[in-house]
Amino acid sequence: MCGIVGILGTHEVAPTLVEALRRLEYRGYDSAGIATINDGRLDRRRAVGKLDNLSDLLVHEPLTGKSGIGHTRWATHGAPSVANAHPHCAGPVAVVHNGIIENYRDLRAELTAAGLGFDTETDSETVALLTRHLMEQGAGPVDAAKETLSRLEGAYALAFLFDGESDLIVAARKGSPLAVGHGDGEMYVGSDAIALAPMTDRITYLEEGDCAVLTRAGVTITDANGALANREVRRIDVDSKRVDKGGHRHFMMKEIAEQPVVLGDALKHYLTADGRGIDLDADLPDFKSIDRISLVACGTAYYAGLTAKYWFEQLAGLPTDADIASEFRYREPPIPARTAAIFVSQSGETADTLAALRYCEGRAARRLAVVNVPESSIARECDIALPILAGAEIGVASTKAFTCQLAVLLLLALKAAHDRGRLDDDELADRLSTLRSLPALIGLTLEQDEAFHMAANRLAEFDHALFLGRGTLFPLALEGALKLKEISYIHAEGYASGELKHGPIALIDQSMPVVVMAPSDALFDKTVSNMQEVMARDGKVMLITDRTGATAAQDGVWRQLVLPDCDPLVAPILYAVPAQLLAYHTAVAKGTDVDQPRNLAKSVTVE
Ligand code: F6R
């Protein structure tokens, strides 16, 4: 993944580079580094671990200069170490890279044969060395960078800085996002507009294959064919205060607590003024013309898609597939012409989801994106983008984006049901009224935070956990397990309740807590039977249910958490909250890094 930034400034750039990297830390935090040009000479500082380590280093070993590039790393090739940290320098060139150079082994062999030595285990260093090699053969910096780009296979967002060239940054994008920022006598480049927000709101998004040559006077962009490209300068509304935890200890808790408000805002945005109809996007297809839905996403967003599969099938009677994007893109699935393909993504930059979106171009009748970042690649490349309006999500573990994704997907499924005559106006209004009750129900659930806190303290004593759910609560069991493992590092698996006896039940003993998500719906009794099977084998059941469920099932249950009663339609959205709170408090109890768990990054721009 990684985040990159470059600045041609009028003041010392090191502090601004570090501030921009802080805003990109969601892309990776294994190591960080910056390079500047000082008195015409390249110099750099790099440190392993969080950005604070680089900041500390810069206090002791400052870096001066008004031109610079920076990088925050999520390791792909080579362990997190100072040597592998970017910028990579080779003779007169320094390079920062986000992406993966797939032909780096061939390039490395070629450069080694030409007598060049490598200092790192990274794929990225080949970019610096190839550029150096070309410059040693007489190419100027811009030509050498462009020639290097033409030799690269894979994905990249790159920024090059050159010895003796304090008014030049060359930047390029293929497969990884990159934005150019326009200042007054200054120019910037960064992985996203948020990184550049404190400096400028005037942004040009580079397109696939673009190469940008920046000087303080402006930018010249050429497209993948080398032709001059005229790219729009947009004014971006980026909240520059987005690094505020709002009084909470962690971003994750702040984002969990924000859910009643952001969900309420999203519903207000997408419902008609009288609350009886849906007003999503005028360009949306009439679902009578659609025969099939294909939902594609990764991770938590995939679980939102999997939940929506139940809704599209049950409410709208539409055959629906939900796919993990990394599998979908290489499976070459046939896409019947009357398919609406829906891509779900918080960041809108996930490489596999983006590739799946491109695969569906010219195949699916419509490509819809359900995204949180409206300026993202996925939002810009699809036919219709439906923003989920969750606001900036900083915690690496997705919380409010998940519930807002679910809300927008449920609205889509309800619209499909209405278009296809399976719900009349009154029935639709009735379902929407149920949906409008959700923010208040989530508010009531959040008020019981202490109960989840205490339950989590017990969960933190175990090394493993299972999550069970049926129907629309099955994808939530998967999500609950993902949330727990990614931030508390407790091994957890989610299963459909009915699937337990087909293998996983062998794992049940006293050391295996089983979190069961079961509102008292039509499937409740079946889930209670599965719970009994667990308890009969000394398994510890933590039941999350409503009052009716709690009364019916209390015997033998290890711990019980009682949520407000809700209509089954919105249960997967409401029950997401206890799953999030359990994971959060367990991680806090274990003392892990809640907002930036190990090995992860917020935006996954590599395959
Ligand atoms: C887990 C989590 C990830 C993301 C996944 C997709 O808490 O956040 O599983 O859901 O990486 O990311 P987006 O939604 O940005 O495409």
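A polar contact is a pair of N or O atoms within 3.5 Å; within protein, one atom must be able to donate a hydrogen and the other to accept it, and residues adjacent in sequence count only if both atoms are side-chain atoms. This is a predicted model, in which local features need pLDDT of at least 70 and side-chain atom pairs count only at pLDDT 80 or more, while totals for chains, interfaces and linings use all residues. Residues are numbered from 1 along each chain as its sequence is written, and side-chain values use heavy atoms, with hydrogens and water left out.

In the side chain of Ser345, an N or O atom is 2.6 Å from an oxygen atom of the ligand. For the side chain of Ser347 the distance from an N or O atom to a ligand oxygen is 2.6 Å. On its own the ligand has 400 Å² of accessible area, and the protein covers 89% of it (areas by the Shrake-Rupley method with a 1.4 Å probe; for residues, only the protein chains shown count as cover).

Around the ligand there are 15 residues, and Ser345, Gln346, Ser347, Thr350 and Glu486 are the closest (a residue is near a molecule or strand if one of its heavy atoms lies within 4 Å of it). By class, this shell has six nonpolar, seven polar and two charged residues. Here Ala, Val, Leu, Ile, Met, Phe, Trp, Tyr, Cys and Pro count as nonpolar, Asp, Glu, Lys and Arg as charged, and the others, Gly among them, as polar. Two helices, α9 and α17, each supply at least two residues of the shell; helices (H or I, at least four residues) and strands (E, at least two) are DSSP runs, numbered from the N terminus.

The ligand takes the space of the second largest pocket, where a molecule sits in a cavity or pocket if more than half of its atoms lie within 2 Å of its grid points. On a 1 Å grid over the protein atoms alone, a cavity is a set of points where a 1.4 Å probe fits but cannot get out, and a pocket is an open set with protein on both sides within 12 Å along at least five of seven lines; lining residues have an atom within 4 Å of a point. This pocket has a volume of about 520 Å³, a volume being the space filled by probe spheres set on the points, which are joined across faces, edges and corners. Its lining has 28 residues, with Cys298, Gly299, Thr300, Lys602 and Val604 nearest the centre. Helix α9 (299-316) is among the elements that supply at least two lining residues each, and α9 gives the most, with three. The lining divides into twelve nonpolar, twelve polar and four charged residues.

There are also two cavities of 30 Å³ or more. The largest cavity holds about 60 Å³ of space; 13 residues line it, and Arg73, Thr76, His86, Asp123 and Ser124 are the closest to its centre. Strands β4 (67-73) and β6 (93-101) give two or more residues to this lining. The peptide bond from His86 to Pro87 is cis, with omega near -5 degrees, and Pro87 is found in the loop between β4 and β5 (88-90).

The second largest cavity has a volume of about 40 Å³. Its lining includes Gly469, Arg470 and Phe524, and divides into six nonpolar, two polar and two charged residues.
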